[in-house]
Amino acid sequence: MWTFIQQPLLYCYIILSVMPPAKHAPKPFHPIHVSTTNINYNGQDNKLEVTCTIFTDDFEAALVKQYHTKTDLSRADMHAAMDVLVKKYVSDHLQIKTGATALSLNYIGFEINKEAADIYFESEKIPVVKKIDVDVSLLHNLFDDQINIVHIIVNGVRKARK
């Protein structure tokens, strides 16, 4: 009886020892693909202040896909080169209108905030805002399930859309 039990166990050990270890699929860093764009009308300066917040790993992947170049938003020695890519990418994927024409946004810069990148823009002086139209397509070139949430604050009144 003992021999009968030992033989199957022996075969299991032999088979398991020659099999390659199972490779587990890499887990995504975060399960959702979302960005936020905060637009604040500064009544003192008569300017729109815009902050886009995007997961850094997703944003770097989108920059690589769009521009076919190495990216690393956290390296200080690459910051100037990344500024060029970040400005172009966000400018191409974010349009804001307060009337019939799109606003020209001045790029301020970006910074890494934990696992997200914050990108800053501001408009030139504009009259008091009555209506804002926003078209955001950030990371749509990378993810089918990308969600871009927009928060707009004018005169202390906050509105949000996705």
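The model is predicted, so local features are reported only at pLDDT of at least 70 and side-chain atom pairs only at pLDDT 80 or more, while totals for chains, interfaces and linings use all residues. Residues are numbered from 1 along each chain as its sequence is written, and side-chain values use heavy atoms, with hydrogens and water left out.

The chain contains 3 helices and 8 strands, where helices (H or I, at least four residues) and strands (E, at least two) are DSSP runs numbered from the N terminus. Along the sequence, these elements follow the pattern α-β-β-α-α-β-β-β-β-β-β. Of the 162 residues, 35% count as buried; buried means under 20% relative accessible area, exposed over 50%, and partly exposed in between, with a 1.4 Å probe and protein chains only. Among contacts (heavy atoms within 4.5 Å) with a separation of 6 or more, 58% are between residues 24 or more positions apart.

Helix 2 covers residues 56-67, and its 12 residues should span 16 Å at 1.5 Å a residue; the expected span is 1.5 Å times one less than the number of residues. The end C-alpha atoms are 16 Å apart, which agrees with this value. The buried residues of this helix are Thr56, Asp58, Phe59, Glu60, Ala62, Leu63 and Tyr67. They pack against strand 2 (47-55), helix 3 (79-93), strand 4 (105-113) and strand 5 (116-123). Just after helix 2, His68 has a positive phi of about 50 degrees.

Thr56 lies in helix 2 and counts as buried because its relative accessible area is 10%. Leaving aside residues up to four places away in sequence, Thr56 touches Leu73, Ile112, Glu115, Ala116 and Ala117. The side chain of Thr56 also reaches the backbone nitrogen of Ala117 at 3.4 Å. This is a polar contact, defined as a pair of N or O atoms within 3.5 Å; within protein, one must be able to donate a hydrogen and the other to accept it, and residues adjacent in sequence count only if both atoms are side-chain atoms.

The structure holds 2 aromatic pairs. In one of them, Phe59 and Tyr89 have ring centres 5.7 Å apart and planes at 65 degrees, so the pair is edge-to-face. Rings of Phe, Tyr and Trp (its six-membered ring) pair if their centres lie within 6.5 Å; planes under 30 degrees apart count as stacked, over 60 as edge-to-face and the rest as tilted. The pair links distant parts of the chain, with Phe59 in helix 2 and Tyr89 in helix 3, 30 residues apart. Both Phe59 and Tyr89 are buried.
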